[in-house]
Amino acid sequence: MERLQKVIANSGYTSRRKAEELISKGLVKVNGVTVYELGVKVNTNDLIEVDGYIIKNENKVYYLLNKPRGIITSTSDDKGRKTVVDLINTNVRIYPVGRLDYDTTGAIILTNDGELANLIMHPKSKIDKVYIAKINGLIGKSQLQRLEKGVFIDGKKTSKSRARIKNYDKKTDTSIVELTIHEGRNHQVKKMFESLGYDVLKLKRERISFLDVNNLKSGEYRILNPKEVKKLYNETTK
Ligand code: URA
């Protein structure tokens with residue numbers, strides 16, 4: 001048995017707070033009866049309707065995928081291109097948490113747990129997203145510090161990050177930089193480097209919080225165990 005507002009949030013319909021508002025406004029029915037109180041408990045057999053929309057109270061599943069290049073981060077594509085969801089063998093309706101660009105590789109979580117997805121993607125989330133970027137040229141200490149303090153992209157300053165250079169290849173005049181951010185703005189890493197005049201030639205998300213893809217080949221995935229899921233919840237609320 002789980003609280004009604006949690007089940008609605010878990011379905012991905014909305015956040016837990018908004019679900020509470022919907023219940024208080026009389027927009028939620030359980031087995032055909034409108035429920036006004038918060039905290040009513042439901043199980044997987046109960047029929048839940050929110051504003052006429054039926055919520056599925058399914059078991060939650062969690063996957064960690066090592067996304068290959070050339071795959072879109074979406075549940076479907078109108079041009080018929082392969083999506084990250086197509087790479088997972090499941091009948092459950094899952095969706096990716098956040099977004100990696102078509103040409104970006106690495107860690108991405110897929111789930112049907114809307115609450116965890118919202119917590120991870122929340123702009124104030126404390127979850128580390130660790131990227132390895134190959135950029136043109138040599139990046140100096142002062143530029144790394146600028147990235148760390150925040151740079152302006154699309155007119156808004158990025159929040160504090162961590163940046164360190166891992167390697168510089170003199171032959172190709174390229175640097176490998178590890179950048180750890182907490183937000184997930186559109187093309188954030190590429191735009192952060194571009195704001196300083198660098199082009200990102202290659203980008204991989206190496207880690208989301210404590211979950212890395214070191215043991216997964218490109219295109220491989222694994223199911224997260226309940227301990228890892230609990231830990232992720234804890235990390236989002238630290
Ligand atoms: N930042 C980007 O620029 N691209 C990604 O795919 C992820 C983060």
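Analyst: Before we look at this predicted model, one definition is needed: contact means that heavy atoms lie within 4.5 Å.

User: With that in mind, which residues does Thr 83 touch, not counting residues up to four places away in sequence?

Analyst: Leaving out residues up to four places away in sequence, Thr 83 touches Ile 71, Ile 72, Ser 74, Thr 75, Ser 76 and Asp 77. Thr 83 itself lies in the loop between β7 (62-67) and β8 (95-96).

User: Why is Thr 83 called buried?

Analyst: The relative accessible area of Thr 83 is 1%, and buried means under 20%, so Thr 83 counts as buried.

User: What share of the residues of the protein chain count as buried?

Analyst: Of the 238 residues of the protein chain, 44% count as buried. The chain has six helices and 17 strands, and its C-alpha atoms fill a box of roughly 70 × 35 × 35 Å along the principal axes.

User: Which residues of helix α4 are buried, and why are they said to line one face of the helix?

Analyst: In helix α4 (residues 141-149), the buried residues are Gln 143, Leu 144 and Leu 147. Seen down the axis of α4, these buried residues fall within an arc of 100°, and therefore they line one face of the helix. They pack against β13 (162-169), β14 (174-181) and α5 (188-194).

User: Which residues are exposed on the other side of α4?

Analyst: Lys 141 and Lys 149 are exposed on the other side of α4, and exposed here means a relative accessible area over 50%. Just after α4, Gly 150 takes a positive phi of about 120°.

User: What makes one speak of a buried face for helix α2?

Analyst: The buried residues of helix α2 (residues 16-24) are Ala 19, Leu 22 and Ile 23. Viewed down the axis of α2, these buried residues fall within an arc of 100°, so they line one face of the helix. They pack against α1 (4-10), β2 and β5, while just after α2 Gly 26 takes a positive phi of about 80°.

User: How do you know that strand β2 and strand β5 pair?

Analyst: Strand β2 (residues 28-30) and strand β5 (residues 48-50) pair over three bridges, in the antiparallel sense. Two strands pair if at least two bridges are found between them, so the three bridges meet that condition. Val 28 stands opposite Val 50 in β5.

User: Why are β3 and β6 called edge strands?

Analyst: Four strands form an open sheet in the order β3-β2-β5-β6, with antiparallel pairing. The edge strands are β3 (33-34) and β6 (53-55), as each of them pairs on one side only.

User: Which residues surround the ligand?

Analyst: The ligand is surrounded by Leu 100, Asp 101, Thr 104, Tyr 131, His 187, Gln 188, Val 189, Lys 190 and Leu 203.

Conventions:
Residues numbered from 1 in each chain as written. Predicted model: local features only at pLDDT ≥ 70, side-chain atom pairs only at ≥ 80, totals over all residues. Heavy atoms only, no water. Helix = DSSP H or I, 4+ residues; strand = E, 2+ residues; numbered from the N terminus. Buried < 20%, exposed > 50% of the residue type's maximum accessible area, 1.4 Å probe, protein only. Arc of directions from axis to C-beta. Near = heavy atom within 4 Å.
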